Amino acid sequence: MIQRIQTLYLLAVVALGIALIWLPVVQLVTPEEAEMLQVWELGALGGAPLQGVWGLLLTTILIPFLAFVDIFLYKKRILQARLNIFLVMLCLGYYGVLALYIWLAKMSMNVEWHILPYASFPLICMVLTLMATRRILKDEALVRAADRIR
């Protein structure tokens, strides 16, 4: 299990996903013409005056959890590849949920937003998951070729 390169890719996804839970991804700043400058950081655990960022928290928790479960499905390679594709869609969905919360903050609090470097973690997770999927399918093709030879 650990000797397969796709396991290392998925472990990196788990590590980045766990880090993403506590790191802020967007900075919300009051406009310059406001009398008092206020800065909030929005992450999976909230941080801004927005209430109920449960959608962002749910997607952030699901990414490392599913990647961790995916590691232990090494004997069921087709299921593992399908779960990886779902994980890629979940990483894209993270950006959709994040855009929704940014839009809600912009409309309700009249703030400007700035993306922090940690917002690239789901994109990196997506690329690592696609690399793992490619290796899983390559392993499956190798096993099928070996079965044909016997």
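View 1. Asp139 touches Arg4, Gln6 and Arg77, leaving out residues up to four places away in sequence; a contact means heavy atoms within 4.5 Å. The model is predicted: local features need pLDDT of at least 70, side-chain atom pairs count only at pLDDT 80 or more, and totals for chains, interfaces and linings use all residues. Residues are numbered from 1 along each chain as its sequence is written, and side-chain values use heavy atoms, without hydrogens and water. Asp139 lies in helix H4. Its side chain makes a polar contact with the side chain of Arg4, at 3.3 Å. A polar contact is a pair of N or O atoms within 3.5 Å; within protein, one must be able to donate a hydrogen and the other to accept it, and residues adjacent in sequence count only if both atoms are side-chain atoms. Asp139 and Gln6 are 133 residues apart in sequence, yet 9.9 Å apart in space, C-alpha to C-alpha.

View 2. H4 covers residues 121–149. Helices (H or I, at least four residues) and strands (E, at least two) are DSSP runs, numbered from the N terminus. The expected span is 1.5 Å times one less than the number of residues. Buried residues of H4 include Phe121, Cys125, Leu128 and Ile136. Buried means under 20% relative accessible area, exposed over 50%, and partly exposed in between (1.4 Å probe, protein chains only). The buried residues of H4 pack against H1 and H3.

**View 3. Helix H2 and its packing partners.** H2 spans residues 54–71. Its 18 residues reach 26 Å from first C-alpha to last, close to the 26 Å expected. Among its buried residues are Leu56, Ile63, Leu66 and Ile71. The buried residues of H2 pack against helix H1 (5–22), S2 and H3.

View 4. 3 strands form an open sheet in the order S2-S1-S3, with antiparallel pairing. S2 and strand S3 (112–115) stand at the edges with a single partner strand each, so one side of each has no neighbour in the sheet. Neighbouring strands are turned by 30° against each other on average, direction ignored. Two strands pair if DSSP finds at least two bridges between them. Here 5 bridges join S1 to S2. Val29 stands opposite Val39 in S2. Helix H3 (residues 77–109) lies across S1, S2 and S3, at about 15° to S1. Axes are lines fitted to C-alpha atoms, for helices over the stretch in contact, and angles run from 0 to 180 degrees between N-to-C directions.

**View 5. Thr30 in the loop between S1 and S2.** Thr30 sits between strand S1 (24–29) and strand S2 (39–43). Thr30 is buried, with a relative accessible area of 10%. Its side chain reaches the backbone nitrogen of Gln38 at 2.9 Å. Beyond neighbours within four places in sequence, Thr30 is in contact with Met36, Leu37, Gln38, Trp40 and Val111.
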